[in-house]
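Thanks for asking me to look this over. My comments are below, as numbered points.

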Amino acid sequence: MKSNISIEENEIYNDLFDNTYIGILVVDKNRDILLINKRFCEQFGYKENELIGYNIEKVHIDNRHFKEFGEIAFKHVLKKIPMSVDFQVKRKDGTTFWAKISGDPLKHKEHILWTVVDVSENYEIQEQFQEQTTLLKTVIDETPYPIVLKDFNAKFILVNEATAKLYGSSPEKMIGKDDGDFIPDKDMANFFRKNVQEIMKEGKTRIVYEDSIDVETNMTRNYMSIKKPFKNKDGKDFILVLANDITELNKKNEELSKKEKLLFQQSKMAAMGEMLANIAHQWRQPLSIISTAATGSKLQNDLGLLNKEDLNNVLETINLSTQHLSQTIDDFRNYFKKDKVAIDFNIEEAWNRTIDLINIRVKNYSINIIKDINSPNIKSFKNEFIQVFLNIANNGIDALKEIKEKRYLIIESESINSDIIIRIKDNAGGIDKNILEKIFDPYFTTKHQSQGTGIGLYMTEEIIVKHLKGEIYAENVEFTIDKKLQKGVQFTIKFNRNTNL
Ligand SMILES: Nc1ncnc2c1ncn2[C@@H]1O[C@H](COP(=O)(O)OP(=O)(O)OP(=O)(O)O)[C@@H](O)[C@H]1O
Ligand SMILES: [Mg+2]
């Protein structure tokens, strides 16, 4: 009975010895290999006869590793102290792996039994994790944006370099403290605390525009902060704050709007200058009539030749002329009144008004105005249309006065569905291709300093696009009038008459 059991036990042990997942190795005190199991051979890639009788140095990475293992493990086990270490060892093909090696001194003999388990996978996972953690930490620390993690009391749990720099501290020193420990403005620190607590209570991510102080320079900086609250697995509240520094952006925006205002102001001034020049033109004629009438009648009177009828005639002339003077003033004053509300008017009315205002130029340079307007009334800002037409027409006349041929300024307008299309063209020859791209840029001009500022078309585009919500573009066109081929620039304005202004 007893021997039967021992046979079975032996079989079981043999089976176990070779089929276990664990590599088994027995060495003597010179560290020569006495016994190995199948698994051990597989782990190291050797055949049994390639190892038995050899020194275990064979499976160590090099002599240094072999000696090191002797110090930290082999010697201890010899002194009957069981031992388990993770150690890197070498396969037959030269590759290495991490093994958990556990040693036990065998009873009675001076042999040591080692078990070997391949734990490379654990190490790989650990290494990957380490790598990812380092990467994440680098990203968090390298980003120029402050990133912090706070608990419910607004104490820092995690702080990146950008935040630490702002607070003149280091990430390590900041952990466990709050904003109040760093920024002198207590109200600001209180706001930060209350704000994150509110968001944690609400449990919803929020974007907060807030200011903070750069402790080093004592400068206020503007932030757009994303604050994301969350709970950990124990239900504790935390909040992640990602602060986006928008100080420079704000500054740029401010500068931009200042610039825009300045441009608008300049354009008004330029328009005003144009108006004054026009008024001066319009006044020259009536003023000279008045002057002639007055000096003539004074002479007559001095000579005693002025009768009542003559005097009446002279006074009537002066009266008419002054009326004309005051009419021109009214015209221009009306033009300068800013439209407050959109009014009902027709494109043709606005165009006629424009030509009235520049009539002197039209006559002086013998410009033929051709109108073909077939569009319905619109509800819009009439004076803005007049300003647009003035800029385009004046540019046209500037170009036309340089040509010898018969000069044309043509306006056409039509409506397609609810779109209104206006085309204004001249036959002055057109614009160079590389110039054409720039004509709507502010300050772009090809004219002499005293003639042009280069903001006419810039303002025109601003008005059409921003105020009237339409579009405008310019192109070179060819057309025929009186069977003659004409070349010039055409401005096309397009907008929807149903757009709410
Ligand atoms: N009809 C046109 N024919 C040829 N060139 C044109 C025409 N309209 C505009 N341009 C070109 O576009 C440029 C820019 O026009 P814009 O009205 O913006 O400025 P400007 O007329 O030079 O000066 P201002 O600010 O006094 O109007 C002009 O200098 C000119 O070179
Ligand atoms: Mg112009």
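**Notes on the model**

1. Around ligand 1 there are 22 residues, and N395, T445, G452, G456 and L457 come nearest; a residue counts as near when its C-beta atom, placed from the backbone, lies within 6 Å. Two elements give two or more residues to this shell, α12 (382-400) and α14 (456-467), and α12 gives the most, with four. Helices here are DSSP runs (H or I, at least four residues), as are strands (E, at least two), numbered from the N terminus.

2. A word on the basis: this is a predicted model, in which local features need pLDDT of at least 70, side-chain atom pairs count only at pLDDT 80 or more, and totals for chains, interfaces and linings use all residues. Residues are numbered from 1 along each chain as its sequence is written, while chains are lettered from A and ligands numbered from 1 in the order in which they are written.

3. The largest nonpolar core has 39 residues, of which F389 and F491 touch the most other members. Such a core is a set of buried Ala, Val, Leu, Ile, Met, Phe, Trp, Tyr and Cys residues joined through C-beta atoms within 7 Å. α12 gives the most to this core as well, with nine residues.

4. K433 is found in helix α13 (residues 433-436). K433 is exposed because 8 other C-beta atoms lie within 10 Å (exposed means 12 or fewer, buried 20 or more, partly exposed in between). K433 and E475, 42 residues apart in sequence, are 9.1 Å apart in space, C-alpha to C-alpha.
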